[in-house]
Amino acid sequence: TFMGMYLVLGTIFFERNTEWDVKNALLFSIYTITTVGYGNHYIPRTPGFQTFTIFYIFVGIATLTIMVAQVYQYIALEATRAQYSRDKTDVTRRGYHSDMGRVVQDANNAERGTDGLSNGNEGNREESDGGGAQATGRRNSNYSSLRSLLELHTNFSLEDRSRIEDFFDRAVHLFERTKHFLRYNQIGRGISVLLPFAGLILIGAIVVGNIEGWTVIESLYFSVVSLTTVGFGDYYPTREASVWFCVFWLPFSVGFMSLYLGSVAHFYIQLSNNNVQRLERTMRRRIKRAKERAKKERAEALERATRAAGQGSVSIQLGGDNVAVEYDEKKLGVPQDLPAHLKKKRKSAIRFSISSFW
């Protein structure tokens, strides 16, 4: 649904801001998000069009990737479900219940092995933490060595050495804080994911844009269109310096797309896990409410049975795990002219009702 709405949005924008008809605007939208980029359209060079196209490329590629992943996941799930149904029917028909028992036992053994492996991984993490402490010690040792060399092989005054040491202390502290923020903070992890993309885009935009004499928007537009492998062909290097730069810069587009699609996949997996956890919480709440309703109904049934016993129509006697129920047929409204087999069924129904809710 979102993919269809996104294509409609792009088609409307491109149709209104160009001389294309709806068919060509839709075609341009399709080969933009699929990174085909035929280049058979005359593309306007207005800043608004280029800015919209930059965001349309990134969001469109991410949306298309998620849609393809969902379709693949649905097909794989249906295939697994069909295979499970066939296997279950085959096992039931042949009666291989003992084999299924062995399969369950093997699964339990594998789960125990996984637990052992996770415990081993925890041990490895502890060892890696110890290695990190050792690495920190080595960095501090190297820093101390740098200080010693600075003191021995320079003719700086005591005040100059103090300022230099203070500068190094602040630089090391800032580096450690930045590394901790990028590694352990949620926002920092997002920034660390965006840094490679932003770096590659800015490098290409700054170098090629300055050489070719383009504006900031044109330079960013060229960089995004190139790194995402869309390649409309409306902007390209024309000078020798920019051509040689693109020879070495453009191969990074493969890594750029790999990192971008990997980040989109990670976001989709995290979103799916959040949805699964939300459904699990909803199911637990529903099960809890159902149990509470059943408990309330049993309490009300017990109260009704107790009131009936107080009126003399029902006599309830507890004996261990058994419930003995005696009742007065007239007070319960059992017709005396009923046949014996119908009266027996009526009494059995009353006994079962009271005993089951006790």
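## Close-up views of a predicted helical chain

Figure 1. Read along the sequence, the chain follows the pattern α-α-α-α-α-α-α-α-α-β-β-α-α, which comes to 11 helices and 2 strands; helices (H or I, at least four residues) and strands (E, at least two) are DSSP runs numbered from the N terminus. This is a predicted model, in which local features need pLDDT of at least 70 and side-chain atom pairs count only at pLDDT 80 or more, while totals for chains, interfaces and linings use all residues. Residues are numbered from 1 along each chain as its sequence is written, and side-chain values use heavy atoms, with hydrogens and water left out. Of the 358 residues in the chain, 22% are buried, where buried means under 20% relative accessible area, exposed over 50%, and partly exposed in between (1.4 Å probe, protein chains only).

Figure 2. The 15 residues of α1 (residues 2–16) should span 21 Å at 1.5 Å a residue, and the end C-alpha atoms are 21 Å apart, which agrees; the expected span is 1.5 Å times one less than the number of residues. Buried in α1 are M3, Y6, L7, G10, T11 and F14. These residues cover an arc of only 135 degrees around the axis, which puts them on the same side of α1, the arc being that of the directions from the helix axis to the C-beta atoms. The face turned away from this buried side carries the exposed residues F2, M5 and R16.

**Figure 3. Helix α2 and the residue T35.** Helix α2 (residues 22–33) has 12 residues and reaches 17 Å from its first C-alpha to its last, close to the 16 Å expected. Its buried residues are A25, F28, S29, Y31, T32 and I33, and α2 is followed by T35, whose phi is positive, near 60 degrees.

Figure 4. The structure holds 3 salt bridges, each defined as a side-chain nitrogen of Lys or Arg within 4 Å of a carboxyl oxygen of Asp or Glu. In one of them the side chains of E78 and R81 meet at 3.5 Å, N to O, and both residues lie in α3 (residues 47–94), 3 residues apart, about one turn of the helix. E78 is partly exposed at 30% relative accessibility, as is R81 at 46%.

Figure 5. R170 and D166 meet at 3.3 Å, N to O, and, being 4 residues apart in α5 (residues 158–184), are separated by about one helical turn. R170 counts as exposed at 61% relative accessibility, whereas D166 is partly exposed at 34%. K179 forms a salt bridge with E176, the closest N and O atoms being 3.8 Å apart.
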